[in-house]
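Hello,

Here is the structure I promised to pass on to you. Have a look at it first, and then read on for what turned up in it.

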Amino acid sequence: MTDLLTSPYPALLVGLPVLLATLSLFFRTRGKALVGLLGCLLTAGLAIVAFIEVAQHGTVIHILGGWEPPLGIMLRMDSLAAVFIGMTAVVGVFISLYAWQYFRADESGPGEFPLFWPLWLFLWAGLNGLFLSNDLFNLFVTIEVIGICAVALAVLSGKTTAMFAGLRYLLAAITGSMAYLFGVALIYGSTGTLDLGLLGQVLEPGTTTTFALLVITFGLMVKMAGFPFHFWLPPAHSAALAPVSALLSALVVKGAFYILLRLWMEVFGVSITYAAGQLIGLAGAIAVIWGSWQAFMQTSLKLIVAHSSVAQLGYLLMIFPLLILAPGVTADSADWLSPAWTAGIFQVIAHAFAKASFFLSAGLIIMALGHDRIESLRDLVGNMRITAMAIGLAGVSLIGLPPSGGFMAKWMLLKGIFLSGQWWWAPVVLAGSLLTAGYVFMLLRLAFAPAREMGTFKPVPKSLEIVALILALGSFLIVFPADYMIQFLESTGVFGSGIESIVEGGAYGND
Amino acid sequence: MSVLIDIILAILAIYLAFQSLLAKRLTQTVFIFFAFGLALALAWVRLGAIDVAITEAAIAAGFMGVLFLDALRDFSPRTSNNQEKTEAAKDIFSKKNTKSLLLPRVALVLGLVLFLLISLEAIWNIPDGGGLTVSVETMLPESGVEHPVTAVLLNFRAYDTWLEIGVILLGLLAIFATGGIKLYLKPDVPAQDILLRQVILFFTPILFLFGAFLLYIGKSGPGGAFQAGVLWAAIGILLHLGGKPVFSMIPRWLGQLLLTLGLGFFLLLGFILMAGGATLFEYPPAYAGVLILIVETLAAISIAAALTAIFANLNQMQEKPNDIESTT
């Protein structure tokens, strides 16, 4: 632990956005937006610098207060954290630019929501804090910060639908947090430490550990809208303002997934069985089918996009059964671990770009039409060609067609599935893609269809359309540095590792 | 004997929790909830966590109680508009009740019982003497304070506390964020009667001194910023009820300063010391005591300001939704 480089960046990545968020509170409407945007640019810049530092020196740490764990808290920026922080920075900065212009658009815009800026900066600090945290209780505090910010942002529009959805979101978020905290208390009580690294060494199998794992997993599944706890997501994400929908779907739900991944892989290895992995994979598989089917059945654009998030998050859960090895299989012989990890990480990043683009495009369509019922999307291509292109590209990535990041994720997932012999997941991946193609092509068919009446589209700022397009392109561009990224991820951290199940003869055999 | 007290307290807490859920009238619910908060506070005392007990009593029974009572006023059928709302709400609930809920209820109860049993089993298996008590005691002399809880909150795990102070501010921002909604109409109460004035005049200095005492004693005993902040918030709430809304009487920037002081100074101090080569929230042992006292005082002020503002804004929200944005 002590041979790792100490760096100020982890502390700054949490402190700086909070400082600017606090500062922005002193300003009035326009000033708040200006300080807020400045804060976003600075935070993104800092994240890139920190990413480069990790790329050059490997994992960096910051021991807060100078107190080493287990007494104190340590921030740890390894390659996995760096990738999540970098993704948040790149997607976040484009959403910020969009928001800046979106809230200023006088005509048919939603108006100004100055509170967006401090809330988003606090949210960003919370996300950075979560990715950097190496402490079970501190993770709880970060998910509290994120939860409050996310709910506040979700209700910001002040619409009644958003309020009701926001209340449900709040109750789900609190339930998730409380369950997580209960698990933390059990773990702290039985081990006397909260540091993830130390916990991974000292945790012993037993009822307490298993039960703690269960409630923590439940809490995080609620937070990341994993099936069957996804009910709060579609209303909350679809009723929010466009930039907020993008933030919530692209970034916020990934926070809970990140903790789940870390805790399963690094901490709770002793209690995780092969069957547990199959179960969580099953939840993911149902989410893929159910979410995609629901998205296919919706008639308003934002609800389609929101339900699609449920499905796309399902793919993330499907990597868990691949990462948990059946008894007798060692990590060295399991050649599917690397594809499975690659699938997970690329799914996270590709979905972040594509979904952000999709929601921002939906916001533009609402701006142009005043609503988002899909039958009015006729001749979208003639009226808003850039937005139509963004939706098309984002859709292609969500389906998983080459050469998008989504393709890379789904291809690697299939590769992992076949290498591991768990063939029963393969039809789910294919069916999910097919259903996704169903709703994406339905939208595109309408977009290319000739208009029935003219002049229903009001003009929207071109700069906003371009931001949405850039994000959609981003979900393709991430494929180019893929090799570098996998090497980087493998250089430090948990990437590429697996859990060797110690329980003999799990409920499901491996082939 | 003490085991008996514990058992009675545990049963009482669960009984009160159920009663507050099952009570027929909202007023009953709120008052039973007070009692539940106090029972929990007593439970914390029995567990030896005096700090948590004070916070529980102050926040859960005190501040939350005030908010609930305030909300209760909105439900009282004083205006016809409210009555309609209440009726509508009743309708919604009664419609749901007509469906058969027996099976889901039985399943829920069985699930809860199972959950409780497994929880007990899991808690039972926790070995004694765990935790970081020993290492906290060892490091205590270097922390600048004498009370282990304060040492953990303000020094060893200052980062968590700093984020939690942020959470309180975020709670306020979240309430601002909901500001556009107008659900109930509240009658404007001109609280100018003599009795209230006398109560405020009498309690303000006492609350202030008691808060300051709790803040200072936090160095060596149970107490600290959160407890002091709640007591000081009571001053703000009393003044508000007495027709002197603090945030309307001071300049806008001052209000914002009070709200952000705790979080901001905590962080800025950390950044300044970081510039000198320390890590974030690392205090030189020689000055740690003084710095922690300053940080705690400012945090208490901000917590008091945030809680007052939460109360004031919930109070104003119903009347002038447009003003709320401008106060942020």
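**What I found**

Chain B exposes about 17,800 Å², and carbon and sulfur atoms supply 74% of that area. Please keep in mind that this is a predicted model.

Let me stay with chain B for a moment. It has 14 helices and zero strands. Of its 328 residues, 40% are buried. If you take the contacts in chain B between residues at least 6 apart in sequence, 71% of them join residues at least 24 apart.

Thr150(B) counts as buried because its relative accessibility is 3%, under the 20% limit. Setting aside residues up to four places away in sequence, Thr150(B) touches Val145(B), Asn155(B), Gly218(B), Gly221(B), Gly223(B) and Glu296(B).

Next, the place where the two chains meet. Chain B puts 51 residues into the contact and chain A puts in 59 residues. The area buried between them is about 4,700 Å², with carbon and sulfur atoms giving 75% of it. The count of salt bridges between chain B and chain A is one: the side chains of Asp135(A) and Arg157(B) meet at 2.7 Å, N to O. Arg157(B) also forms a salt bridge with Asp160(B), where the closest N and O atoms are 2.8 Å apart. Both Asp160(B) and Arg157(B) are buried.

Over all chains, the count comes to seven salt bridges. In chain A, Arg262(A) pairs with Glu266(A) in one of them, the closest N and O atoms being 3.1 Å apart. These two residues are separated by about one helical turn, because they sit four residues apart in helix H10 (residues 242-267) of chain A. Arg262(A) is buried, with a relative accessible area of 2%, whereas Glu266(A) is partly exposed, at 25%. Together with Asp78(A), Arg262(A) and Glu266(A) are linked in a network of salt bridges. Another pair is Arg373(A) and Glu375(A), whose closest N and O atoms are 3.5 Å apart. Here Arg373(A) is partly exposed, with a relative accessible area of 43%, and Glu375(A) is partly exposed too, at 46%.

Chain A also has strands to look at. In strand E3 (residues 73-77) of chain A, five of the five residues are buried. Ile73(A), Leu75(A) and Met77(A) point one way from this strand, while Met74(A) and Arg76(A) point the other way. Strand E2 (residues 60-64) of chain A runs antiparallel to E3(A), and five bridges join the two. Across from Leu75(A) in E3(A) stands His62(A).

Finally, the nonpolar core. The largest one holds 283 residues, and the members that touch the most others are Met77(A), Val91(A), Phe116(A), Trp117(A), Tyr180(A), Leu263(A) and Trp162(B). Helix H14 (residues 337-369) of chain A gives the most to this core, with 22 residues. Apart from this core lies another, of six residues, including Leu16(B), Ala23(B), Phe36(B) and Ala39(B). As for Phe116(A), once its neighbours within four places in sequence are left aside, Phe116(A) is in contact with Ala99(A), Phe103(A), Leu153(A), Leu156(A), Pro243(A), Val244(A) and Leu247(A).

Key
Residues are numbered from 1 along each chain as its sequence is written. Chains are lettered from A and ligands numbered from 1 in the order in which they are written. This is a predicted model: local features need pLDDT of at least 70, side-chain atom pairs count only at pLDDT 80 or more; totals for chains, interfaces and linings use all residues. Side-chain values use heavy atoms; hydrogens and water are left out. Buried means under 20% relative accessible area, exposed over 50%, partly exposed in between (1.4 Å probe, protein chains only). Contact means heavy atoms within 4.5 Å. Accessible areas come from the Shrake-Rupley method with a 1.4 Å probe; for residues, only the protein chains shown count as cover. Two strands pair if DSSP finds at least two bridges between them. A nonpolar core is a set of buried Ala, Val, Leu, Ile, Met, Phe, Trp, Tyr and Cys residues joined through side-chain atoms within 4.5 Å. Buried area is the accessible area (1.4 Å probe) that two parts lose on being put together, summed over both. A salt bridge is a side-chain nitrogen of Lys or Arg within 4 Å of a carboxyl oxygen of Asp or Glu.
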